[in-house]
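Please keep the sequence and the model open while reading.

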Amino acid sequence: MREPVLLVTGANGEIGHGLIERIGRDRREKIVALDLTPLDPRLAEFCHESLVGSILDEALLDRLVSRYEFRTIFHLAALLSTRAEFSPRAAHDVNVSGTLNLLQMAADQTEWSGRRVKFLFPSSIAVYGLPDLEEKARADRVREKSWNLPTTMYGCNKIYCEQLGRYYCSYYKQLGAADGVRGVDFRALRFPGLISAVTVPSGGTSDFIPEMLHAVASGQEYACFVREDTRIPFMAMPDAIKALLMLEAASEDSLSWRSYNVTSFNPSAAEFRDELAKRWNDVRVTFEPHLKRQSIVDSWPADVNDDAAREDWAWAPDYDLPRALDDYLVPGMRGRIEAGEGA
Ligand SMILES: NC(=O)c1ccc[n+]([C@@H]2O[C@H](COP(=O)([O-])OP(=O)(O)OC[C@H]3O[C@@H](n4cnc5c(N)ncnc54)[C@H](O)[C@@H]3O)[C@@H](O)[C@H]2O)c1
């Protein structure tokens, strides 16, 4: 008999760190972790097994399916937005073909187990594409069905994967025989930029806020790659983990939609610098916009409307910006520096 487990792909990344620790501490399920890189030893104690390998390796996925029954899959593995613009084809392979491999694996498993696999997918505000700053100002808090016109390979990958998820959820093998449980219980969150006190981001285009924080906390200068007035939504990592776990726990009947906006706060780059200056004496931040990265951030909404998540599954963040800084980010950074881990 196959062992029931929870699968986390991209386990070694920023979200993987927070999610595995949280599930490992709070729940009894066995976690199987998969990533291209060896799992951070701090996470190993929470995992039943950690595998080094690619979601593109179908033989590896076949071996996993022969041993385990995946009740829930948190599919976090991806190439992020900046990296994807340098290698669009590789991004498409990982972000789209890799996701398709996992959706198919989940759908096959649903067919033989008779139980729909839950599939949690972190999408992104990169699915939105505003044509210019005037429209961005007019758009205000963008709703899920508006402005689905991404300008990046990453955003195109995300919105297509949401559609693949919708297909596997509601229409998979729709012309087949009527009986039998089939498909995948797909649920996606369109995350804003995420800020962690534990990990330093790399490869994303919202990285200017977490990079600024990590530089200031470790007493370094920071040349911010966007203008002072640049504004997009953000969230502290504990709220991102909370949102994933709330969406996982929501009853399927309550879901009016499968790809939800969630957000917490949206300071401009200068406002964030000013908040840091209230908490650290030595804040040396300059603004030196990288025109191409700036144009990507300018195409993302200044804020998103997350009413659907609030109404359907009672979403509400725990952290506004001051609380995120005072109760999570600043103590976390100071703790890491004192432990000699750098910020
Ligand atoms: N961090 C954010 O601000 C943010 C915002 C919106 C959405 N997301 C999404 O959340 C998910 C996780 O993001 P993150 O911030 O933890 O990213 P991350 O870059 O920190 O982690 C991604 C992980 O995926 C792994 N990976 C890459 N290719 C792989 C492959 N072929 N097979 C197996 N593993 C592979 C990487 O080694 C890495 O550990 C991604 O889908 C990302 O698009 C993140």
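Two strands count as paired if DSSP finds at least two bridges between them. With that in hand, take Val 8, which stands opposite Phe 74 in strand 4. The model is a predicted one.

## Strand pairing

Strand 1 covers residues 3-9 and runs parallel to strand 2, joined by four bridges. Leu 6 has Ile 31 of strand 2 as its bridge partner. Between these two strands the chain passes through helix 1, and the β-α-β crossover is right-handed.

Strand 1 also pairs with strand 4, residues 68-75. That pairing is parallel too and holds seven bridges. From strand 4 the pairing goes on to strand 5, again in the parallel sense. Here Ile 73 has Phe 119 of strand 5 as its bridge partner. Strand 2, for its part, runs parallel to strand 3, residues 49-52. In that pair, Asp 35 stands opposite Val 52.

The table lists the pairings by bridge count.

| Strands | Direction | Bridges |
|---|---|---|
| strand 1 and strand 2 | parallel | four |
| strand 2 and strand 3 | parallel | four |
| strand 1 and strand 4 | parallel | seven |
| strand 4 and strand 5 | parallel | three |

How many residues of strand 2 are buried? Five of its five are, so the strand is mostly covered under the cut-off of 20 or more other C-beta atoms within 10 Å. Ile 31, Ala 33 and Asp 35 point one way. Val 32 and Leu 34 point the other way. Both sets are buried.

## Two helices

Helix 1 spans residues 14-26, 13 residues in total. From first C-alpha to last it reaches 19 Å, close to the 18 Å expected. Its buried residues are Glu 14, Ile 15, Gly 16, His 17, Gly 18, Leu 19, Ile 20 and Ile 23.

Helix 5 has 26 residues. It reaches 36 Å, close to the 38 Å expected at 1.5 Å a residue. Its buried residues include Ala 91, Val 94, Leu 102, Leu 103 and Met 105. Gly 114 follows helix 5 and has a positive phi, near 75 degrees.

Gln 109 sits in helix 5, residues 88-113. Is Gln 109 buried or exposed? Gln 109 counts as buried because it has 20 C-beta neighbours inside 10 Å. Leaving out residues up to four places away in sequence, Gln 109 touches Val 65, Glu 69, Phe 70 and Val 117. Val 5 is 104 residues away along the chain, and its C-alpha atom is 13 Å from that of Gln 109.

## The ligand shell

There are 29 residues around the ligand. Which of them come nearest? They are Gly 10, Gly 13, Ala 78, Pro 122 and Phe 191. Helix 1, strand 2, helix 5, strand 5 (117-124) and strand 8 (193-195) each give two or more residues to the shell. Helix 1 gives the most, with three residues. By class, the shell has 14 nonpolar, 13 polar and two charged residues.

## Tyr 68 in strand 4

Tyr 68 belongs to strand 4. Tyr 68 is partly exposed because its C-beta neighbours inside 10 Å number 19. Not counting residues up to four places away in sequence, its contacts are Arg 2, Glu 3, Val 5 and Val 32. Tyr 68 and Met 1 are 67 residues apart along the chain, yet their C-alpha atoms are separated by 8.5 Å.

Most residues other than glycine have a negative phi. Two exceptions deserve a look.

Trp 147 has a positive phi of about 50 degrees and is not a glycine. Trp 147 is in the loop between strand 6 (141-142) and helix 7 (153-170). Trp 147 counts as partly exposed because it has 19 C-beta neighbours inside 10 Å.

Lys 173 also has a positive phi of about 50 degrees, and it too is not a glycine. Where does Lys 173 lie? Lys 173 is in the loop between helix 7 and strand 7 (184-191). Lys 173 is exposed because 12 other C-beta atoms lie within 10 Å.

How values were computed. Residues numbered from 1 in each chain as written. Predicted model: local features only at pLDDT ≥ 70, side-chain atom pairs only at ≥ 80, totals over all residues. Expected span 1.5 Å × (residues − 1). Contact = placed C-beta atoms within 7 Å. Near = placed C-beta within 6 Å. Nonpolar A, V, L, I, M, F, W, Y, C, P; charged D, E, K, R; others polar. Right-handed = clockwise from strand over helix to strand, strands pointing away.
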